[in-house]
Structure formats: C-alpha cells, structure tokens
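Student: Please pick one part of this model and take me through its side chains closely. Keep it brisk, and give the cut-offs as you go.

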Amino acid sequence: MEGLCVKLFEASRKYKMKRHKAEAIGMVDSFEASHEGIKTVDIQKRCEFSGTSHLCIYFVTWNMNGQVPCEDIAKLVGEDRKYDLLVMGLQEAPRNNICKLLKNTLADTHMLLGKSVMQSVQLYVFGPKNSEQFTREVKVDKHEVGGLGWLIRRKKGAVAIKISYKGIQMVFISCHLSAHARNVEERNLQFKHISNSLFSKNRNPYAKSAQLTVWLGDLNYRLQGINSYPARDLIHGNLHQMLTSKDQLLQEAERGEIFNGYCEGALDFKPTYKYDIGSSSYDTSHKVRVPSWTDRILFKIDSNNINATLHSYEAIESIQSSDHKPVKAHLCLKLNK
C-alpha cells in the first residue's frame, strides 16, 4: 500500500511540475502545443449568486438506474434556490414523468424553460418564475449512439438544449457514453460524433456561436492501471485524489483526443460509481468493479467578455437509490464591462 501511494504521488507530482514549468516559461513541447487538455480550475467557496454576477447556474447530473424516489428529487434541486438557472442532466431515467415531478418540486420558485428527452437520457433547464423575458432561441437536439440499450429503455447518446438567456448564448449537453473500462476509444469516438452532430442540421454559418458549452453526464470513463482493492484502500484513507492520474478521461484529454480546452473542478469528491444500491459501500458483487469518476460536469468558455467562477463541484453522497452518486456544480458568470 505504501509503495503504491509513493508511485501515484510521484506520477502526479511529475505531471504537475511539467505543466507548471511549461506555463512559467510560456512554452510547451510540440505535442502539448497541439491541444490544451482539460484545465482544472479552483473552487471559489464564497458564492456571489446574482448580486454581482450576471448569471448563476446550478448543474446536476445523475445516472438514476431506473429509480426515482421523490425525496431524492427534492435533495437534487435543494432548498435554498438562489440560482438563476437549474440545468439537470439525467441518464437511465425511469418511465415516470420526471418533468412533471421536477415542475411540482420547483413550482414555488422556478419554471421550465426547455427540455430534451431521448428515452432514458434527459435534460431540463429551469429558470426563475417570469423569466421568459430573458429567454430567447430555445432549441433542442439529440444524437443516439450504437448499442441495444433501447431494448431496456437505457439509451446511449446525448440530448442538448441551446438557449440564449440574458443575452448569453449557451449549449447544455446531457450524455451517456458506452460502458466498461476497455471501451476508451469507443467513448472517444462517441464524444466526437456527438460534438459534430448536435445542431448541425440547417446550421447558420453567421449565427452567434455558444459562449458557454457544458457537458454533464455519465461519461463512463474509468480508472485504469489499478485494481479494485488498492483503489478502495486509497479512497477509504481519504487519499482518492491520488487516483486522478489513473483517470481515463483526464488521460485521453491530455492526449488531445477529447474535451480540448474544457475546464473542470478538482476531483476532491470520492469516485461516484459503482455503489451497492441503498448504501454508500462500493460494489460487493462478484465483479468487484473498480470505483471510478464516471459522472462529470465540464464547461468551456468561448468568449473574452465572460469570466466564469466555479463555486462548487461535488457528489451528493446522501442519495443512495442508485449505483451512481449524483454530481453537482455551481457556476457563476460575470460579463466584462
């Protein structure tokens, strides 16, 4: 165990030193110059909400595993709803009318601005009551990827909403990519196909491009190069940050395959999959799956006029009705004068 910790720590340290050295001298090698990878951004604990921020957005992604306890929906949306927009991406959502349940839960404070549904892959955007005056150009799209998930209403693919709110053009994407640790290249291809497909029909070359793009969902990238029990030992010792060097998503982004130029908060929370349903214990089945950060929220700013501040990025560990833990993020946008 001690030897493993030393190796993981050294791998993480060398990677950070390499990046810091390149940034300090304003240069990167020829490989790194071709892409940016994923930038890990700091969490600013103090939330300004909409007092000095132009727009405050609360994101939630959750693979529901076909379950929908009403009390869990209430936990997801929170009680102190000071956010402007709620963006909720769901995967493996059940047949129940989730939209109606969300509307009823949020009835006192928020209204539905847009939804995009492809069976079990779903996306909802809620705004404050009477926020229609700030909302323009709500469009939806979807892209299905291969597999037989439709047989059990558990599709793979993505649904998206394009919306202009308070003058900011945004695209939100809820996705569910292929499972299993071995299918890294398949997930990479699915990401590229989805990125190229969404909103591509009748695309206006003169239309204003998205200033904020957010992917949230069960991306299904796993930990690679470590067995289940050593990984669990690190997690139980609150040393799970040492596992980030084994994360396939970060590895593939570093190679320039996916999510070029996107940002993500630090993975300070425990891996969100796979749990025994009804508990906070990792998989005790015969498969003894390696815990992984399958559920992620990543964002990209494509405007010099917007500053983004991430105020939280964490798992909701109190929810136990699925084999995934939901992940939430709180992002505030401020327009430069």
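Tutor: Start with Trp 215, which is buried at 2% relative accessible area. Buried means under 20% relative accessible area, exposed over 50%, and partly exposed in between (1.4 Å probe, protein chains only). Phe 191 is buried too, at 8%.

Some ground rules first. This is a predicted model: local features need pLDDT of at least 70, side-chain atom pairs count only at pLDDT 80 or more, and totals for chains, interfaces and linings use all residues. Residues are numbered from 1 along each chain as its sequence is written, and side-chain values use heavy atoms, with hydrogens and water left out.

Now the rings. Rings of Phe, Tyr and Trp (its six-membered ring) pair if their centres lie within 6.5 Å; planes under 30 degrees apart count as stacked, over 60 as edge-to-face and the rest as tilted. That rule gives nine aromatic pairs. In one of them, the ring centres of Phe 191 and Trp 215 lie 4.8 Å apart with planes at 45 degrees, so this pair is tilted. The pair links distant parts of the chain: Phe 191 belongs to helix 4 (residues 184–197) and Trp 215 to strand 9 (residues 212–218), 24 residues apart. Helices (H or I, at least four residues) and strands (E, at least two) are DSSP runs, numbered from the N terminus. Ring pairs also bring in Phe 259 and Tyr 262, which form a cluster with Phe 191 and Trp 215.

Side chains of opposite charge can pair when their charged atoms come close. A salt bridge here is a side-chain nitrogen of Lys or Arg within 4 Å of a carboxyl oxygen of Asp or Glu. The structure has 10 of these salt bridges. Take Arg 255 and Glu 185: their closest N and O atoms are 3.7 Å apart. Glu 185 is in helix 4, while Arg 255 is in the loop between helix 6 (248–254) and strand 10, and the two are 70 residues apart. Both ends count as partly exposed: Arg 255 at 39%, Glu 185 at 44%.

The next bridge pairs Glu 257 with Lys 192, with 2.9 Å between the closest N and O atoms. Glu 257 counts as partly exposed at 22%, as does Lys 192 at 29%.

Arg 255 has another partner. Its side chain meets Glu 252 in a salt bridge of 2.5 Å, N to O. Glu 252 is buried, at 7%. Put together, Glu 185, Lys 192, Glu 252, Arg 255 and Glu 257 form a network of salt bridges.

One more charge deserves a look. The charged end of Arg 187 sits over the ring of Tyr 221, 5.1 Å from its centre. The test is NZ of Lys or CZ of Arg within 6 Å of the ring centre and within 35 degrees of the ring normal. Tyr 221 is also touched by Ser 292, where contact means heavy atoms within 4.5 Å. Ser 292 is buried, at 1%, and lies in the loop between strand 10 (263–265) and strand 11 (295–301).

Note on methods:
Lists of a residue's contacts leave out its neighbours within four places in sequence.
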